[in-house]
Amino acid sequence: MSGAAIEASDLVRDFKKGPRAVDGIDLRVEPGEVYGFLGPNGAGKSTTVHMLTTLLPPTSGSARVAGHDVVTEGPAVRAAIGAALQEAALDPFLTGREHMTLQTALHGMRGTAARDRGEELIARVGLSQAADRRVGGYSGGMKRRLDLALALVHRPRILFLDEPTTGLDVQSRTSLWEEVGRLAADRGVTVFLTTQYLEEADVLADRVGIIHKGAIVAEGTPEALKAEIGRPSVEAVPAEREDLPRMKQVLARFGESVPGSPKAVAVRLDGGDAQLAEVVRALDAEDIHVEHLQLHAPTLDDVFLSKTGRSLEGEAEEETADEEEEPEPTEAVAA
Amino acid sequence: MSRGGFWSVAGAVAWRNAHNFFSNPAMIVPAMLFPLFFFTAFAGGLSRVDSVPGFDYDAGYTTFVYGFVLLQAATFGGIFTGFSVARDFESGFSRRLMLAAPRRGGIVAGYWLAALMRAIFTIALITAVALVAGLAIDGNAVDLVGLYTLAVIVNAAAMLFGTGIAMRLRTMQAGPAMQTPAFLFLFLAPVWVPYDLLTGWVQGAASVNPVTLVLESGRGFLAGDPTEVLPAFAVALVLAAVTVLWARGGLRSAERVA
Amino acid sequence: MTEAVRSAVDSGLPRQVGMLARRSVLRTMRQPAMVVPSLVFPLLLLSINSSGLESTTQLPGFPTDNYLDFALAIAFVQGALFSANSAGTNVANDIESGFLNRLSLTPLRRMALMMGQLAGILALGVIQAVTFLLVGVAFGAGIEAGLPGAIVIVLMSLTISAAFGCIGAFVALRSGTGEAVQGIFPLLFAALFLSSMALPRDLIEINWFQTVATYNPVSYMLEGIRSLVITGWDGEALALGFACAVGLALIALVAASSALRTRMVRT
């Protein structure tokens, strides 16, 4: 036994209609680690999670979770994991407490042990006041918190979180991050977290795997990945809007353009931090007054860009635009 | 604003609605199936009713049922267009229409044209099937013009009623609010037997139900023995006039939140 | 105790069934928009039809002189169609919301899920059956087979509800969407209409219609209930009615269970 909490070897998943969703994933997550799986919509994150949580058999390859094979030892895997998947997966007609009662019962808990565990988790995620309200009336943040609490009922050693903060407001997101951080730090739970948010991966993950079109294109700690890129970018806002084109021409001498605000010019500095002084001198020489100048350290988006040629945030917007279309009309039926 | 503006808006809305209807099996199949199988079930399953003492409709039971199914198809063709209006509001598409259309009355006219196209399609289909099943039309061309004109007016009234509801509630959950009154108006009428053979509270309800006049007049046209023509047209036109006002009120309500 | 039973008990199967049944019942009862139409529409149609078609009792050979007695059975079958819609929609919502995935990640046994769903269907079915019986009797229907007959009516109605409910669940599990469940509603109504719903089979004049009604199991379900109301204890009608209801229920249950096995893919 390798001792890893999660390991996958050449994991592949094909669907009958459509491209290969997961294309040979190799990964290894150590016990107690928070592993961030970062990629845009459609990259294969959720499919990978479904395979690792035994909800979808792989087409080929193998994976072991908590020391058990995901294909041949499904029940043992499920006993060791908790999962909060992409949808909050709640019944709008049941109350929070009723969900907890159902979940504890399905995990074989009985009597006071089940009740106490349920109350403990409801309190921990801050839903004590709302526990007797139907979930249909909960906010998105409340649903996510209940979802997390339900995933923790049976004290799993490994927790899968599939885009846990998508669609949440800043406060709810921060609150969820704090809870995930506590789980990992205080209780040694291994967390496998998928996300499309750079900041989330940066803040939470010990290590990050960047996935694109079904394959891992980069893996490492956030710092190490960013250090690989090495080069910072500079963003400048001219004091006079008319100077924007001239500013673009000047900065273009120092490196390639990177996406930024429409009122600013941003380039990645070929020569690193040390070039900043030259940038200032060049702008001064052209008599371009600068309202704002900022140096940005590399981000995980820069890592994604360097590995795939595309920006992660740009990919996310494109995927979202593809999904927006006029709803399919459906006809109701007369009595 | 020119008349061209009004009708071009109406044409665009009608085209879109009709295109959605005819290209989407989930919409067109129920619209075809339901009237067909009401016709089949009643004409087939209840054909012996023409042997009930007092059944005095000479054109036969198939024709008797056809009269009702025609009215039903015209009515629900209009109501289902009301569903489409509600759907457009729920999806936000109506906002686009309201912003783009110089003459917003053209939007309602467009929905009406679409309802008419749907009703013509459904009625043509039912008529074809009914003819194969032995529908006997004893009325002449004038009678048939009268019959189908009544159907067009009923279709318009139903569509305007549904549109008025849809524009006020602006959600698909308005469906029952449209369907239930239409259902009650249709079924509290001499559906399976002539008025004189109805009993109990249904006869009482049918006696005050304006649809009874329209239905009996339609059956009269089919039998070549026009009856209650003027009252039936008067009722249908009054219903249409009232529902025009109702739909206009709905449009004003929708404009306040557009 | 056999090995299979011991294994089921040890795995907590009865408790799982109980919990899921409780959920299914709660969920159904908390949706008045589903429960009320399933009571109101059949009663409304019963009332309209009874008055509207009362004159058909004058046809030679019509088994009763009170059309309400004849039509009462229709309400039970119509109620069962609403069960199909309700069960199917609930299952489809579970799939679309991901709740089924949540359940898949627990030690839940599939059989418990099916049994739990059935409980919700039967809960609604009991309310429907008792309501239809009470209202029918209040408005003048006489149950020739008396109170024992009324109990048998409720049992048959529940079996029919289970059958159609499982059909709804099957469609939801196969398709994964509520729209598909709505889409079968016309077909189920067709099955009701193309039967001895409005007239006895021997009074149906059109040959092809009579043939279809003869081969349609819904005819026998209607006739089984009807026999208890009009005739009393008719062994043949009851046997055929129950055979069709139970047969359809078993087929639908097996189909739904198979669809659940495919839908709830877990290794």
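Predicted model: local features only at pLDDT ≥ 70, side-chain atom pairs only at ≥ 80, totals over all residues.
**Figure 1. B:R170 sits in a loop between two helices of chain B.** The phi angle of B:R170 is near 55°. That value is positive, and the residue is not a glycine. Most residues other than glycine have a negative phi.

**Figure 2. A:R155 also has a positive phi, near 55°.** This residue, too, is other than glycine. Where does A:R155 lie? Its place is the loop between helix 5 (140-151) and strand 7 of chain A. Is A:R155 buried or exposed? A:R155 has 11 C-beta neighbours inside 10 Å, so it counts as exposed.

**Figure 3. Strand 8 of chain A is largely enclosed by the rest of the structure.** The strand covers residues 190-195 of chain A. Six of its six residues are buried, which is why the strand counts as largely enclosed. In a regular strand the side chains alternate between the two faces of the sheet. Here A:T190, A:F192 and A:T194 point one way from strand 8 of chain A. A:V191, A:L193 and A:T195 point the other way. Both sets are buried.

**Figure 4. Strand 8 of chain A pairs with strand 3 and with strand 7 of chain A.** Strand 3 (residues 34-38) of chain A runs parallel to strand 8 of chain A, and five bridges join them. Strand 7 (residues 158-162) of chain A also pairs with strand 8 of chain A in the parallel sense, over five bridges. How does the chain get from strand 7 to strand 8 of chain A? It crosses through helix 6 (residues 170-187) of chain A. This β-α-β crossover is right-handed.

**Figure 5. Chain A is assigned two domains, domain 1 and domain 2.** Domain 1 of chain A is made of two segments, 6-90 and 138-226. Domain 2 of chain A takes 231-297. The C-alpha centres of domain 1 and domain 2 of chain A lie 39 Å apart.

**Figure 6. Chain B has 10 helices and zero strands.** From the N terminus on, its elements run α-α-α-α-α-α-α-α-α-α. The radius of gyration of chain B is 19 Å, close to the 18 Å that the globule rule gives for 258 residues, so chain B is as compact as a globular protein of that length. The C-alpha trace of chain B spans about 60 × 35 × 35 Å along its principal axes. Of the 258 residues of chain B, 52% count as buried. Among contacts in chain B between residues at least 6 apart in sequence, 82% join residues at least 24 apart.

**Figure 7. Chain B touches chain C through 28 residues of chain B and 23 residues of chain C.** Helix 2 (25-45) and helix 8 (200-208) of chain B each supply at least two residues of the side that touches chain C. Which helix of chain B gives the most to that side? Helix 2 of chain B does, with eight residues. The residues on the chain B side divide into 19 nonpolar, eight polar and one charged.

Methods. Residues numbered from 1 in each chain as written. Chains lettered and ligands numbered in written order. Helix = DSSP H or I, 4+ residues; strand = E, 2+ residues; numbered from the N terminus. Rg over C-alpha atoms; globule rule 2.2 N^0.38 Å. Buried ≥ 20, exposed ≤ 12 C-beta atoms within 10 Å, placed from the backbone. Contact = placed C-beta atoms within 7 Å. Pairing = 2+ DSSP bridges. Right-handed = clockwise from strand over helix to strand, strands pointing away. Domains from an automatic or database assignment. Nonpolar A, V, L, I, M, F, W, Y, C, P; charged D, E, K, R; others polar.
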